Amino acid sequence: MNRQIPHHPKAFLFDMDGTLYDSMPNHASSWYQMICEHGIPCTPEEFYLYEGATGHFTVNLLIRRAFGRDATDEEVQSYYERKAEIFRSKPAPGVMPGALDLVRAVESLPWKPQTILVTGSAQGSLLGMLDSDFPGAFPIERRVTALNVKRGKPNPDPFLQGAKLAGVKPEECVVIENAPLGVMAGDRAGCFTVAVATGPTPHEKLAEAGADLIFSSMPECAAQLPEMLCNS
């Protein structure tokens with residue numbers, strides 16, 4: 001733990017993919033299939049490392065690695081549209097076990113903190129499920145997506161925007177993340193950053209990225225974090 005756990009945080013900034021939804025296997029396989037269609041060498045596992053970044057960031061990284069140049073706007077659009085098409089063809093991902101429990105536990109805290117969505121995704125198929133899967137927790141006016149920021153994770157901008165939406169200081173926020181780039185963004189924004197190891201990323205990578213607190217699962221986080229905050 002690097003930062004001291006905040007006393008009665010005023011807002012919780014939730015990542016979406018791999019945190020609220022068990023969607024990363026679909027994302028990773030969709031990216032892998034699309035990039036292979038373009039003949040660019042890659043591995044399925046590497047896309048977990050880019051989790052949390054915008055589509056523009058990921059396409060540009062791969063184009064630069066393969067061809068030694070930045071991706072054009074047309075390439076970014078066509079690559080991402082194809083990736084989204086593949087993603088939509090897959091069975092809808094389920095809510096991450098324990099995610100709803102954590103959201104409800106946060107909403108039940110006696111000082112009534114806000115819940116804000118902060119995602120590097122613009123994936124409409126998932127964003128459209130939030131209202132039914134997490135009723136009242138993430139209305140449109142309390143969402144930061146890839147469409148709302150110029151610089152996505154690992155830059156701090158998305159979480160700074162999330163704090164601004166809540167009308168509070170970053171240090172009054174708790175970030176809930178599962179990916180190194182997202183953890184890095186939360187840390188750089190000055191938020192207390194909780195990492196939940198819901199995927200294959202080892203705890204050491206999350207710690208190196210700047211996590212203040214690490215849980216092994218969302219159920220563990222839901223069971224322990226609210227109590228820790230009440231006792232801080």
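Colleague: What does the secondary structure of the protein chain come to?

Modeller: This is a predicted model, and its chain comes to eleven helices and six strands.

Colleague: What radius of gyration does the protein chain have, and what would a compact globule have?
Modeller: The chain has 17 Å. That agrees with a compact globule, because 232 residues would give a radius near 17 Å. Along the principal axes, the C-alpha trace spans about 55 × 35 × 30 Å.

Colleague: How many of the residues count as buried, as a percentage?
Modeller: Of the 232 residues, 53% count as buried. The accessible surface comes to about 10,100 Å², and carbon and sulfur atoms hold 53% of that surface.

Colleague: And the contacts, what share is between residues 24 or more positions apart?
Modeller: Those pairs account for 66% of the contacts that have a separation of 6 or more.

Colleague: Switching to strand E5. Which strands is E5 joined to by bridges?
Modeller: E4, residues 173-177, runs parallel to E5 and is joined to it by four bridges. On that pairing, valine 175 stands opposite threonine 193. E6, residues 213-215, also runs parallel to E5, with three bridges. There, valine 196 stands opposite phenylalanine 215.

Colleague: What makes up the β-α-β unit with E5 and E6, and which hand does it have?
Modeller: E5, helix H10 (residues 203-209) and E6 make the unit, and it is right-handed.

Colleague: Are the residues of E5 buried or exposed?
Modeller: Five of the five residues in E5, 192-196, are buried. One side carries Phe192, Val194 and Val196, the other Thr193 and Ala195, and both faces are covered. The path from E4 to E5 goes through helix H9, residues 180-189, in a right-handed β-α-β crossover.

Colleague: What does valine 194 touch?
Modeller: Leaving aside neighbours within four places in sequence, valine 194 is in contact with Val174, Val175, Ile176, Glu177, Leu213, Phe215, Cys221 and Leu225.

Colleague: Which residues of the largest nonpolar core touch the most other members?
Modeller: Leu20, Val194 and Leu225, out of 33 residues in that core. Elements that each supply at least two residues include strand E1 (11-14), helix H5 (99-107), E4, E5 and E6. H11 gives the most, with five residues. A second, separate core has 18 residues, among them Met34, Tyr48, Val59 and Tyr79.

Colleague: Why would such side chains be buried together?
Modeller: In soluble globular proteins, nonpolar side chains tend to do that.

Colleague: Loops now. Where does isoleucine 40 lie?
Modeller: Isoleucine 40 lies in the loop between helix H1 (24-37) and helix H2 (46-49).

Colleague: Is isoleucine 40 buried or exposed?
Modeller: Isoleucine 40 has a relative accessible area of 3%, so it is buried. Beyond four places in sequence, its contacts are Ile35, Leu62, Ile63, Ala66, Phe67 and Tyr79. Isoleucine 40 and glutamate 220 are 39 Å apart, C-alpha to C-alpha, and 180 residues apart in sequence.

Colleague: And valine 149, where does that one lie?
Modeller: Valine 149 is in the loop between strand E3 (143-144) and helix H8 (157-166).

Colleague: Why does valine 149 count as buried?
Modeller: Because its relative accessibility is 16%, and the cut-off for buried is under 20%. Not counting residues up to four places away, valine 149 touches Val144, Asp157, Pro158 and Gln161.

Terms used
Residues are numbered from 1 along each chain as its sequence is written. This is a predicted model: local features need pLDDT of at least 70, side-chain atom pairs count only at pLDDT 80 or more; totals for chains, interfaces and linings use all residues. Side-chain values use heavy atoms; hydrogens and water are left out. Buried means under 20% relative accessible area, exposed over 50%, partly exposed in between (1.4 Å probe, protein chains only). Contact means heavy atoms within 4.5 Å. Two strands pair if DSSP finds at least two bridges between them. A crossover is right-handed if, with the strands pointing away from the viewer, the path from the first strand over the helix to the second runs clockwise. The radius of gyration is taken over C-alpha atoms; the globule rule is 2.2 Å times the number of residues to the power 0.38. Accessible areas come from the Shrake-Rupley method with a 1.4 Å probe; for residues, only the protein chains shown count as cover. A nonpolar core is a set of buried Ala, Val, Leu, Ile, Met, Phe, Trp, Tyr and Cys residues joined through side-chain atoms within 4.5 Å.
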